[in-house]
Amino acid sequence: MSHDSGFGSGGYNFAYLDENTKRMIRRALLKAVAIPGHQVPFGAREMPLPYGWGTGGIQVTAAILGPRDVLKVIDQGADDTTNAVSIRRFFSRVAGVRGTTRTAEATIIQTRHRIPETPLTEAQTIVYQVPMPEPLFRLEPRLAETRRMHALADYGLMHVKLYEDIARHGHVSTAYNYPVMVGGRYLMSPSPIPAFDNPKMHRMPALQLFGAGREKKIYAVPPYTEVRSLDFEDHPFRPHRADGCCALCGSATSYLDEVVTDDRGGRMFVCSDTDYCEERQEAAAAAPASETEDAA
Amino acid sequence: MMQPGFHDPVLDAQSGFRAVLEAMSRPGRVQALPPGLTPPAPLQPATAAVLLTLADAETPVFSDAGTAAAEWLRFHAGCPLVASPAAATFLCVTGTPPALEEIDLGTDEAPQDGATLVLQVAALREGGALRLSGPGIEREHRLHVEGLPEGFLAARAALAPLYPRGMDVILCAGTRIAALPRTTHVMEG
């Protein structure tokens with residue numbers, strides 16, 4: 001598909017949004033990158049899908065996307081779920097961009113709640129869909145108050161919350177959306193990715209952008225920026241991973257989903273990242289008799 | 001007649017923005033903007049492209065580039081032009097920048113309101129005397145800038161303690177740009 005004029009797709013502007021909206025989002029993105037971890041308000045538009053389905057991520061993607069980009073969209077690690085498929089189809093329709101499921105091929109990866117297992121490179125940008133950008137909202141519901149707390153870097157409340165977790169449960173009971181400090185200054189919600197993925201954000205070579213459509217906030221982590229999960233010296237951060245191997249590819253290091261297989265308590269663990277899992281299965285099939293024993 | 005603007009306003013703005021985003025994400029890395037823009041003097045193509053990409057009716061622009069450039073910006077970007085640096089979202093500076101205390105640096109609660117200084121210099125290339133560190137930089141980026149106004153780096157460094165308030169700089173020369181967001185620490189020599 002060609003977009004010489006930029007108006008190639010059935011009466012929609014290139015990448016759906018009008019140019020004024022894109023410019024507004026682009027200005028917000030640049031300030032977000034300049035102030036790592038700080039939530040920049042933006043005028044989120046109504047999108048042709050409901051809040052909660054990635055309207056923030058889609059608007060960020062639409063503002064950065066060009067005709068030569070290759071787009072990957074994942075939902076909980078999977079390329080083939082409804083949300084991922086419909087967002088990929090949306091951009092192929094309104095921007096004519098090529099979609100892919102291969103992490104390594106993509107220039108832009110829009111994600112809901114996972115970071116791919118394959119390490120990202122400097123040539124890639126990852127766009128997170130964020131339902132609730134304010135990490136303090138369960139502790140302080142007043143946005144005017146949380147803005148002040150961010151202004152003063154007053155994050156004692158979050159430390160108290162983590163401390164109370166440890167006092168009650170013996171460990172921090174947050175398995176996803178585990179709060180991080182960005183660049184030693186801003187407390188940030190990593191979006192509801194599993195805490196397992198938090199270490200991948202630290203000094204990632206790729207640019208990380210976050211869009212929250214309903215809450216109308218954009219924030220960012222530039223490449224090679226320090227991202228520390230909050231913890232205590234005597235209770236260091238420990239990312240959780242199910243104790244097992246993937247039933248399909250045998251990976252002992254990837255993040256696993258538990259899948260119920262029957263109504264008699266049968267279950268198995270499989271990789272949450274479908275592309276990573278498939279590539280490992282293909283590699284194992286190409287080089288037989290290595291580690292394929294437990295493949296189903 | 002007025003000099004033309006972007007040949008393709010949609011895709012030229014997109015590629016221009018990606019260059020600016022890349023520059024801002026990796027301070028000191030020099031990005032090339034697509035050539036083809038012929039703005040009125042003294043504006044160079046990169047300076048003009050950055051402003052056409054980002055400025056519009058919502059962003060007051062301060063410009064020291066003279067009447068022809070101001071008219072060109074007003075026509076193609078549709079941006080209001082302001083005489084006071086304090087009122088500007090973007091400052092288009094081809095000569096000596098205004099005193100940095102006069103520029104809007106945002107507030108602690110809304111540091112994103114800090115202005116962006118689009119500063120035209122004589123030449124830009126990677127490698128060289130300036131040593132940059134901070135977010136977006138793995139270890140150290142080196143940058144060579146010709147024609148930086150005297151005392152500018154010292155004045156910029158004096159704003160660092162105000163972080164997260166601050167001003168972000170996009171350096172432009174010919175068709176090339178490099179950025180110095182407020183988080184970038186610059187050392188000379």
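What pattern does chain B follow, read along the sequence? Chain B follows the pattern α-β-α-β-α-β-β-β-β-α-β-β-β, and its secondary structure comes to four helices and nine strands, where helices (H or I, at least four residues) and strands (E, at least two) are DSSP runs numbered from the N terminus.

This is a predicted model, in which local features need pLDDT of at least 70 and side-chain atom pairs count only at pLDDT 80 or more, while totals for chains, interfaces and linings use all residues. Residues are numbered from 1 along each chain as its sequence is written, chains are lettered from A and ligands numbered from 1 in the order in which they are written, and side-chain values use heavy atoms, with hydrogens and water left out.

The radius of gyration of chain B, taken over C-alpha atoms, is 15 Å, close to the 16 Å that the globule rule (2.2 Å times the number of residues to the power 0.38) gives for 189 residues, so chain B is as compact as a globular protein of that length. For chain A, with 296 residues, a compact globule would have a radius of gyration near 19 Å, and the 20 Å of chain A agrees with this. The secondary structure of chain A comes to seven helices and 12 strands.

The table sets out further values for each chain. Buried means under 20% relative accessible area (1.4 Å probe, protein chains only); contact means heavy atoms within 4.5 Å; accessible areas come from the Shrake-Rupley method with a 1.4 Å probe.

| Property | Chain A | Chain B |
|---|---|---|
| Buried residues | 54% of 296 residues | 54% of 189 residues |
| Accessible surface | about 13,000 Å² | about 7,400 Å² |
| Part of that surface from carbon and sulfur atoms | 52% | 54% |
| C-alpha span along the principal axes | roughly 55 × 50 × 35 Å | about 45 × 30 × 30 Å |

Within chain B, three strands form an open, antiparallel sheet in the order β6-β5-β9, two strands being paired if DSSP finds at least two bridges between them. Strands β6 (141-146) and β9 (185-188) of chain B stand at the edges with a single partner strand each, so one side of each is left without a neighbour in the sheet. Neighbouring strands of this sheet are turned by 60° against each other on average, direction ignored, with axes being lines fitted to C-alpha atoms. Strand β5 (residues 123-133) of chain B is joined to the antiparallel β6(B) by seven bridges, and Arg125(B) has His144(B) in β6(B) as its bridge partner.

Note on methods
Axes fitted to C-alpha atoms, helices over the stretch in contact; angles between N-to-C directions. Buried < 20%, exposed > 50% of the residue type's maximum accessible area, 1.4 Å probe, protein only.
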